[in-house]
Amino acid sequence: MPKLEINGVTCDAFVDESLLGAARRHKAHIGYACGGHGLCQTCEVIIESGMDALSPMNDVEMAWLTAEKQQKGHRLACQVQIKKDATIKFTTRAEKARRLFNNAFLAKKETLPPTSHPQGHVGEFFSFLGMETLSHLAGVPMAFGNAVGRIIDGRLTLNSINDAVSAWSERAPEIGEIINKTISGLPDAIAPVTTVITDATKNVIDAATKIIKGATGGTAAESGAKDGVQAVPIKVEKK
Ligand code: FES
């Protein structure tokens with residue numbers, strides 16, 4: 001039986017199971033905003049060992065991931081299957097972001113790991129955020145082209161897109177909760193700024209969900225939230 005080490009936690013897996021499937025089964029900290037249809041890149045992981053036990057990179061991954069990321073072992077967990085008995089070690093991008101955020105704003109100074117970034121841990125977090133945003137945006141045209149190609153050849157159907165919208169709707173309350181917890185751990189001076197950002201994020205998700213549902217016939221509206229994503233109460237809790 002294959003073994004996984006996800007974000008430092010050891011667990012089991014099955015041959016032909018996807019990395020995302022195994023990670024979700026073990027409740028690992030991983031994104032899957034599109035429900036595993038290769039439309040969002042939130043399931044990105046960094047493989048540290050065991051790459052030869054995984055399925056080769058497919059066209060969806062090549063569309064989303066820059067050449068540099070491909071070279072450094074980044075994969076989309078929803079697109080990768082485990083192909084043989086081996087130990088595969090990886091870190092999710094969501095967990096990497098959480099650790100950097102924690103180092104920048106929440107951890108006690110004496111417990112911090114060393115950083116070579118000239119602006120310290122805060123600079124390291126914002127550099128990561130900036131680079132990830134840029135590489136994500138850079139991947140959008142290719143990924144959009146790839147999605148159109150998959151619609152044409154029948155690999156991506158209306159049901160898959162509605163499924164992806166439903167996944168967004170289902171995840172929204174969970175995302176809101178994570179944001180709430182994060183804000184409550186921040187110094188009071190930063191909290192108003194983050195509230196604006198989280199409100200804006202919710203509005204963007206809401207608007208995007210409505211547009212996609214409108215374009216795809218709104219099947220997701222019947223199986224998921226009634227009208228757009230569910231309301232996520234975002235509030236600042238004082239320490
Ligand atoms: S879950 Fe969206 S690309 Fe993998």
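Okay, let's start with strand 3, residues 44-49, and strand 5, residues 87-92: they run antiparallel and 4 bridges join them. Across that pairing, I47 sits opposite F90 in strand 5. A quick word on the model: it's predicted, so to speak of local features we need pLDDT of at least 70, and side-chain atom pairs count only at pLDDT 80 or more, while totals for chains, interfaces and linings use all residues. Residues are numbered from 1 along each chain, as its sequence is written.

On terms, strands (E, at least two residues) and helices (H or I, at least four) are DSSP runs numbered from the N terminus, and two strands pair if DSSP finds at least two bridges between them.

Strand 3 also runs antiparallel to strand 4, with 3 bridges joining them; there, I46 faces H74 in strand 4.

Now the whole sheet: 5 strands, open, order 2-1-5-3-4, with mixed pairing. Strand 2 (9-12) and strand 4 (74-76) are the edges, each pairing on one side only. From one strand to the next, the twist averages 35°, with axes fitted to C-alpha atoms, for helices over the stretch in contact, and angles from 0 to 180 degrees between N-to-C directions.

Lastly, helix 4 (residues 93-106) lies across strand 3 and strand 5, at about 50° to strand 5. Contact here means C-beta atoms, placed from the backbone, within 7 Å.

Key
Two residues are in contact if their C-beta atoms, placed from the backbone, lie within 7 Å.
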